[in-house]
Amino acid sequence: MSTQACAIWGEDFTRYDFGVGHPMAPVRLDLTARLCRALGVFDHVDVVDVDPADDDVLATVHDRQYLDAVRAISADPSVADGRWGIGTDDVPAFAGIHESSARIAAGSREIARRVWTGEAEHGVNFTGGMHHAMRDRASGFCIYNDVGIAIQWLLDQGAERVAYVDVDVHHGDGVQELFHDDPRVLTVSVHESGRTLFPGTGWASDTGGPGAEGTAVNVALPPGVVDGPWLRAITSVAGPVVRAFEPQILLTQHGCDTHREDPLAHMAISLDAQRQAAVNLHRLAHEVAEGRWLAFGGGGYDVANAVPRAWTHLTAIAAHHPIPAATETPQAWREHVELVAAQAAPPTMGDLPDRDLPIWVQPWAMGYNPHDGVDRAIMATREAIFPLHGLDVFYD
């Protein structure tokens with residue numbers, strides 16, 4: 001009998017550590033797991049630990065020469081010189097970098113295996129979502145592309161249509177690049193425009209390679225977007241395209257660096273909107289893929305406030321035991337946050353007062369405003385993509 005959901009976690013995942021002062025602090029993962037445990041979320045999922053993936057698994061999407069280089073740097077960080085994207089300010093070298101990164105990859109491959117084989121309906125790896133890693137180099141804090149490894153495993157098992165939706169504030173460039181020419185994989189990324197944010201890619205005009213036109217979908221939003229318009233962008237693009245693609249399995253990346261307090265981006269999204277995005281994408285998986293859903297973490301650098309709450313919500317939604325936004329965070333967890341992060345912990349699982357909930361989202365069918373930056377971004381993507389899927393640009 002299958003379980004409702006599995007979640008990847010083990011203490012060794014905090015060894016993915018770029019050092020003091022780096023934005024991707026491993027405490028964000030520890031605080032997420034502690035909050036999941038304190039709120040009883042882990043009682044409703046199979047919590048799965050894994051060993052690092054071997055080179056044969058990693059080589060399904062990464063060059064062997066790159067793997068050899070990461071192993072050498074892992075054994076002796078002093079040999080890193082930036083040639084492989086490691087040894088830079090973004091991706092500092094550290095001892096054990098190969099093993100730590102390979103463990104994340106193994107976790108994502110394991111949830112893919114469990115969901116595809118029916119052992120679990122949903123799988124969550126909030127330690128993963130390393131969507132910037134390229135075939136032959138590290139990028140944007142990411143060493144191995146665990147999402148790409150999960151997708152490739154699914155293809156190797158015979159999956160004919162795999163959909164991936166990325167709502168991280170940064171463009172999911174690594175995943176798109178890996179499958180840019182593969183018509184079996186739909187990649188959708190809703191992100192802050194590359195004009196104002198790393199990695200500087202992800203334009204509406206990039207629609208996929210030869211023979212795969214329409215399978216790369218990019219919504220490049222202006223900075224400063226708030227809840228309703230952000231959710232409108234997701235529902236007005238990702239929803240119709242995924243439905244038209246008819247995937248056998250849905251993968252989603254939930255980088256929470258869209259949050260209004262995140263220090264590395266320029267969006268103004270609440271925790272409540274991030275939770276709603278997860279609810280909507282979970283519902284979409286049940287609608288189009290018989291519930292087969294893999295959910296990943298990703299970016300998020302408001303490490304003690306936004307990240308633990310966002311990914312605890314994600315895990316709870318996958319467990320079919322969602323947590324109301326008004327739920328108070330446990331006192332013991334708040335005290336631990338103050339101890340390890342030297343800041344006050346969030347008192348509840350949401351940001352918004354009850355009077356502002358639910359978040360109202362204007363359906364696309366209600367009209368397009370050419371004077372609105374978000375609507376212009378949505379329309380640019382719909383004009384580039386929708387005809388390739390037989391969809392109407394103006395109506396859902």
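Is arginine 83 buried or exposed, and what is its relative accessible area? In this predicted model, arginine 83 is exposed, with a relative accessible area of 65%. Its side chain meets that of aspartate 81 in a salt bridge, with a distance of 3.0 Å from N to O.

Side chains of opposite charge can pair when their charged atoms come close. The structure holds 17 salt bridges. One of them joins aspartate 136 to arginine 137, and the closest N and O atoms of that pair lie 3.6 Å apart. Aspartate 136 is partly exposed, at 35% relative accessibility, and arginine 137 is likewise partly exposed, at 38%. Elsewhere, salt bridges link Glu110, Arg113, Arg114 and Glu119 in a network.

A further salt bridge brings together aspartate 351 and arginine 309, whose closest N and O atoms are 2.8 Å apart. This pair links distant parts of the chain, 42 residues apart: arginine 309 is in helix α9, whereas aspartate 351 is in the loop between α10 and α11 (373–385). Aspartate 351 counts as partly exposed, at 22% relative accessibility. Arginine 309, by contrast, counts as buried, with a relative accessibility of 1%. The two residues fall in separate classes because the limit for a buried residue is under 20% relative accessible area.

Helix α10 comprises residues 331–341, and its buried residues are Trp333, Arg334, His336 and Val337. Viewed down the axis of α10, these buried residues fall within an arc of 160 degrees, so they line one face of the helix. On the other side of α10, Ala332 and Leu339 are exposed.

What covers the buried residues of α10? The covering elements include α1, spanning residues 27–38, and α9, spanning residues 306–318. After α10 comes alanine 342, whose phi is positive, near 55 degrees.

Key: Residues are numbered from 1 along each chain as its sequence is written. This is a predicted model: local features need pLDDT of at least 70, side-chain atom pairs count only at pLDDT 80 or more; totals for chains, interfaces and linings use all residues. Side-chain values use heavy atoms; hydrogens and water are left out. Buried means under 20% relative accessible area, exposed over 50%, partly exposed in between (1.4 Å probe, protein chains only). Helices (H or I, at least four residues) and strands (E, at least two) are DSSP runs, numbered from the N terminus. The arc is that of the directions from the helix axis to the C-beta atoms. Contact means heavy atoms within 4.5 Å. A salt bridge is a side-chain nitrogen of Lys or Arg within 4 Å of a carboxyl oxygen of Asp or Glu.
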